[in-house]
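These entries record what I looked up, in the order in which I looked it up. I begin with one side chain and then turn to other topics.

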Amino acid sequence: MTTALWRDSGLAVTQAKDIREPRMDLQADVVVVGSGAGGAVVAYELARRGKRVLVLEAGPYVPSRDFSERFPEAMEQLYQDHGSQTNRSGDLLILQGACVGGSTVVNAGVCFRTPDFILRDWQRDFGLTGLTRDSMRPYFERVEKHLGVHENGEHEIAAHARLIRAGANKLGWSVKPFQRNIRDCALTGHCLSGCKTERKQSMLVSYLPWAVAHGTRIFADTRVTGILTDNGRATGVRAQVTGSDGEPVASVTVTAPRVVLAAGAVQTPLLLLRSGLANGSDQVGRHFACHPSLYVSARYPQPVHAWRGAMLGVYVDEFMAPEDGGFVLEDGGAGIVELSMTAEPGTGAPFMDFMEETRYLAGLVTLIHDHNVGRVRWDGDNKVIDYQLDDIDFPSMKNALKAAARLHLAAGAEQVHVPTSEPLVIRREADIDPMVEGLENQPHHLRMVSYHPQGSCRMGADPATSVVAESGETHEVPGLYIADASLLPTSIIVNPQITVYALATRIAEAIAASA
Ligand SMILES: Cc1cc2nc3c(=O)[nH]c(=O)nc-3n(C[C@H](O)[C@H](O)[C@H](O)COP(=O)(O)OP(=O)(O)OC[C@H]3O[C@@H](n4cnc5c(N)ncnc54)[C@H](O)[C@@H]3O)c2cc1C
C-alpha cells in the first residue's frame with residue numbers, strides 16, 4: 001500500500017489505485033462502515049476523543065472539483081446503482097448517494113430537527129425514554145453549529161419559491177423559509193449533483209476532513225462484506241477493495257473491538273442479514289419506510305426558470321401534524337432532466353409538449369409520514385426492497401396532492417400536472433377533489449421518488465421488536481453498533497439528515513463511554 005495522498009480539495013483517502021498488496025490486515029479501536037451522515041459523524045466524534053478510527057466506504061472518492069453539473073453524469077458518478085435503485089415492482093425510485101460522504105454529497109441541504117411529536121411517539125411506543133426534546137437539544141445544536149445551519153435569506157428564495165410562498169399566503173397557510181446547511185449559497189441549483197463550490201456542508205467537506213485531522217483513515221472503493229465475531233462479540237469486518245474497472249484489487253480484514261454500521265437504510269440490514277447477526281427477533285430489514293414523494297409541477301403564465309437560484313426556498317408546514325393531514329409540501333427547483341425523471345406527462349407528443357413548457361413550470365415535492373410497511377432482504381445474491389404505497393398511507397398522499405394543486409392554482413398556475421401514469425391535468429379548483437379522489441392506489445399508477453430511506457433496523461427498548469438499543473448497540477451482539485437512518489423507528493415526515501447527525505453524535509458518545 002502506498003501512503004494515502006492529500007488531494008487538491010483536501011481529503012486524504014486511500015483509494016483502490018493506491019493499493020499494491022492483495023491482502024491487508026488492519027487494526028483500529030473502531031471500524032466504521034460507510035462514510036455518509038451517520039458514519040462521518042461517528043468517525044469524527046470518536047477520533048477527537050483519541051480513538052483510532054478506520055472508515056471503509058464502498059463508493060469512490062470524488063473530490064468536489066470533479067463533480068459534474070450534468071445530472072445524468074452525477075448519477076453515474078455519485079449515486080447508488082448509478083441512480084437506478086428502485087423498489088421490487090419498479091414504481092418507486094429510491095435515491096441514495098454511494099461515494100465518500102454518502103447521500104450528504106448529493107442531498108439538497110434542507111435541515112429539520114426531528115419533530116417533537118415524532119420523539120414523543122418514539123418514547124411512548126418504543127421505550128426510547130432518553131430521546132426527549134430537551135435531551136436531544138444539545139445534539140441538534142451541536143450539529144447545526146458545526147454545519148452552519150441557518151434560515152434562507154431573501155436572496156435564497158428563487159422565483160419558483162416566491163410563487164409557492166405567494167400561493168400559501170393567499171390561502172392563509174403557514175409557509176416558512178427552509179433552514180439549510182449551505183454557507184453563502186452560490187445559487188447554482190446543482191445540489192443533487194454535488195456542490196462544486198463546497199458551500200453545502202456535506203460530510204465530504206466537514207466531518208470527514210475533521211476526522212482525518214484527528215487521525216482517522218478513510219478507505220474508498222472498499223465494500224464491507226461481512227462482520228466478524230468471536231464468542232458472540234463483534235471483533236471486526238471483512239471487506240473487498242474493487243478498482244474502477246470492477247476488478248478485485250485487495251481483500252481487507254479489520255480487527256476492531258467496536259464495529260459501527262452506517263451503510264444506510266438499505267445496505268446496513270443487508271450486511272447484517274448476510275452476516276447472520278443481530279436477527280434473533282427477525283426484525284432486521286423490516287419496518288422500512290421512505291417518505292414516498294411526488295413532484296407536482298404546474299404551468300404558470302410567465303417564465304419561472306425553476307432551475308435558477310437556490311434549489312429549495314420555502315416549505316408549507318400547515319398540514320405537518322398527523323391530525324392536520326400528516327404531510328409537508330416543499331418547493332423544489334428542478335432542471336429539465338430532474339423534471340423528466342419525476343413528472344409523468346405521457347409519452348410521444350404530450351411528453352414533447354410538456355418538456356417544451358419547462359421554463360414555465362414550478363414544482364412542489366410532497367412528503368408524507370408513511371407507515372413502516374417495507375422490507376429490505378436478499379433474494380439469492382440480489383437485494384430486494386419490498387415497498388408499495390400502503391392503502392393506509394394513500395389518503396395522506398391524496399391530501400398532499402390536493403393541497404399542492406390548490407396551492408399552485410392560488411399562486412396563479414394555469415394547469416397542474418399530477419404525476420400519474422395516465423396524464424392528469426387539473427385546471428380549475430372545482431376539479432381538484434373529484435380528480436384526485438378518482439385515483440386508485442395501484443402499482444405503477446403514481447410516479448414516486450424516495451430521497452429518505454429509513455427504518456430497517458429500528459431502535460427500541462424491547463429486543464423482541466427492535467434491533468438496537470438507545471445506545472446504538474445491537475441488542476444481540478456486544479460491540480456491534482448502528483448509527484444511520486436505518487435506526488429510525490418510524491418515518492419522521494421531514495428530511496432526515498439532522499436527525500441522523502444528532503443520533504450519531506449521541507451514539508458516538510455512548511461508544512466512547514463504553515470503551
Ligand atoms: C437526492 C437526495 C436528496 C436529499 N436531500 C435531503 C435534504 O435536503 N435534507 C435532508 O435532511 N436529507 C436529505 N436527503 C437524505 C439524507 O442525505 C440521508 O437521510 C442521510 O444522508 C442518510 O444517512 P446514512 O448515514 O443513513 O446514509 P448515507 O448518507 O447514504 O451513507 C451511507 C454510505 O454507506 C456506504 N455503504 C453502503 N454499503 C456499504 C458497505 N457494505 N461497505 C462500505 N460502505 C457502504 C454508501 O456507499 C454510502 O456512502 C437526501 C438524499 C438524497 C439521496
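**Entry 1: Q201**

I found that the side chain of Q201 comes within 2.8 Å of the backbone oxygen of R199. I applied the rule for a polar contact, a pair of N or O atoms within 3.5 Å; within protein, one must be able to donate a hydrogen and the other to accept it, and residues adjacent in sequence count only if both atoms are side-chain atoms. The model is predicted, so I note that local features need pLDDT of at least 70, that side-chain atom pairs count only at pLDDT 80 or more, and that totals for chains, interfaces and linings use all residues. Residues are numbered from 1 along each chain as its sequence is written, and side-chain values use heavy atoms, with hydrogens and water left out.

I located Q201 in the loop between β10 (179-180) and α6 (207-213); helices (H or I, at least four residues) and strands (E, at least two) are DSSP runs, numbered from the N terminus. Is Q201 buried or exposed? Q201 counts as buried because its relative accessibility is 8%; the classes are buried under 20% relative accessible area, exposed over 50% and partly exposed in between (1.4 Å probe, protein chains only). Leaving aside residues up to four places away in sequence, I listed L147, N181, R183 and S206 as touching Q201, where contact means heavy atoms within 4.5 Å.

**Entry 2: Q80**

I placed Q80 in the loop between α2 and β6 (92-94). Q80 has 13% relative accessibility and therefore counts as buried. Its side chain and that of D81 are joined by a polar contact of 3.1 Å. Beyond four places in sequence, Q80 touches Q85, Q96, G97, A98, Q267 and K383.

**Entry 3: S486**

I then looked up S486, which is in the loop between β26 (480-482) and α12 (497-514). S486 counts as buried because its relative accessibility is 0%. Which residues does S486 touch, not counting those up to four places away in sequence? I recorded G264, A265, T268, Q454, G455, S456, C457 and R458. I also noted F288, which is 198 residues from S486 in sequence and 7.9 Å from it in space, C-alpha to C-alpha.

**Entry 4: Salt bridges**

Side chains of opposite charge can pair when their charged atoms come close. I examined several of the pairs.

D317 pairs with K176, with the closest N and O atoms 2.4 Å apart. This pair links distant parts of the chain, 141 residues apart: D317 is in the loop between β18 (314-316) and β19 (327-331), and K176 is in strand β9 (residues 175-177). D317 counts as buried at 16% relative accessibility, whereas K176 counts as partly exposed at 35%.

K402 and E437 meet in a salt bridge of 2.7 Å, N to O. K402 is in helix α10 (residues 394-410) and E437 in helix α11 (residues 429-437), so the pair ties together parts 35 residues apart in sequence. I noted K402 as buried, at 12% relative accessibility, and E437 as partly exposed, at 41%.

E470 and R506 form a salt bridge, the closest N and O atoms being 3.2 Å apart. The two residues are 36 residues apart, E470 in the loop between β25 (448-450) and β26, R506 in helix α12. E470 counts as partly exposed at 22% relative accessibility, and R506 as buried at 17%. I also recorded one network, in which salt bridges that share partners join E45, R48, R49 and R142.

**Entry 5: The two domains**

I looked up the division into domain 1 (16-109 + 112-148 + 192-287 + 452-514) and domain 2 (152-180 + 293-369 + 390-445); the bounds come from an automatic or database domain assignment. Their centres, taken over C-alpha atoms, are 31 Å apart. I noted 22 residues of domain 1 in contact with 21 residues of domain 2.

The two domains bury about 1600 Å² between them, 71% of it on carbon and sulfur atoms; buried area is the accessible area (1.4 Å probe) that two parts lose on being put together, summed over both. How many salt bridges cross the interface of domain 1 and domain 2? The rule finds zero. I did record four residue pairs in polar contact between domain 1 and domain 2, both residues at pLDDT 80 or more.

Notes
Salt bridge = Lys/Arg side-chain N within 4 Å of Asp/Glu carboxyl O.
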